[in-house]
Amino acid sequence: MISQSYWSICCPIFQEWRYYAWYAGGYVDHQPPEFDKPTDVCFNRRVYGPCEISGCNRLSMVFCGYCSKKICFQQFIVDCHRCTN
Ligand SMILES: [Zn+2]
Ligand SMILES: [Zn+2]
């Protein structure tokens, strides 16, 4: 689960969010533009309904930032969804 969480937050759409840590810590001076946090994207209120992986009949629980699909717990966490490979 830790590996899957790490993979998720490495998604390019979270670049400004990751950069913010450097800004907040005083290591860089340039304030990043507004950004969405992983919780805003991956667990937003629109993440419900059927899993969007082909052939799956389960309910979704997370939004994948890489492939923009809503995915069930079984395929995202247990089966370690990696659409970037
Ligand atoms: Zn994906
Ligand atoms: Zn599924």
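Q75 sits in helix 4 of this predicted model. With a relative accessible area of 18%, Q75 counts as buried, because the limit for that label is under 20%.

**Around Q75**
- Leaving aside residues up to four places away in sequence, Q75 touches C51, I53, C56, R58, C80 and H81.
- One of these contacts, H81, is also a zinc ligand, through its NE2 atom.

**The zinc site**
- The zinc ion (ligand 1) is held by the SG atoms of C64, C67 and C83 together with NE2 of H81, at 2.1 to 2.3 Å.
- Angles of 104 to 114° between the four donor atoms make the arrangement tetrahedral.
- Along the chain, the donors are spaced as C-x2-C-x13-H-x1-C.
- Distant parts of the chain are linked by the pair C64 and C83, which are 19 residues apart: C64 lies in the loop between strand 1 (62–63) and strand 2 (70–71), and C83 in the segment after helix 4 (73–78).
- C64 is buried, at 1% relative accessibility, whereas C83 is partly exposed, with a relative accessible area of 33%.

**The largest pocket**
- The volume of the largest pocket is about 190 Å³.
- This pocket is lined by 14 residues, and S5, S8, F43, V62 and F76 are the closest to its centre.
- Helix 1 (2–9), helix 3 (38–42) and helix 4 each give two or more residues to the lining, and helix 1 provides the largest share, with four residues.
- By type, the lining has ten nonpolar and four polar residues, and no charged ones.

Methods:
Residues numbered from 1 in each chain as written. Chains lettered and ligands numbered in written order. Predicted model: local features only at pLDDT ≥ 70, side-chain atom pairs only at ≥ 80, totals over all residues. Heavy atoms only, no water. Donors = N, O, S within 2.8 Å, 3.2 Å for Na, K, Ca; no water. Tetrahedral: all angles 85-135°; square planar, octahedral: opposite > 155°, others 65-115°. Buried < 20%, exposed > 50% of the residue type's maximum accessible area, 1.4 Å probe, protein only. Contact = heavy atoms within 4.5 Å. 1 Å grid on protein atoms, 1.4 Å probe; cavity = no way out; pocket = protein on both sides within 12 Å on 5 of 7 lines; lining within 4 Å. Points joined across faces, edges and corners; volume = space filled by probe spheres on them. Nonpolar A, V, L, I, M, F, W, Y, C, P; charged D, E, K, R; others polar.
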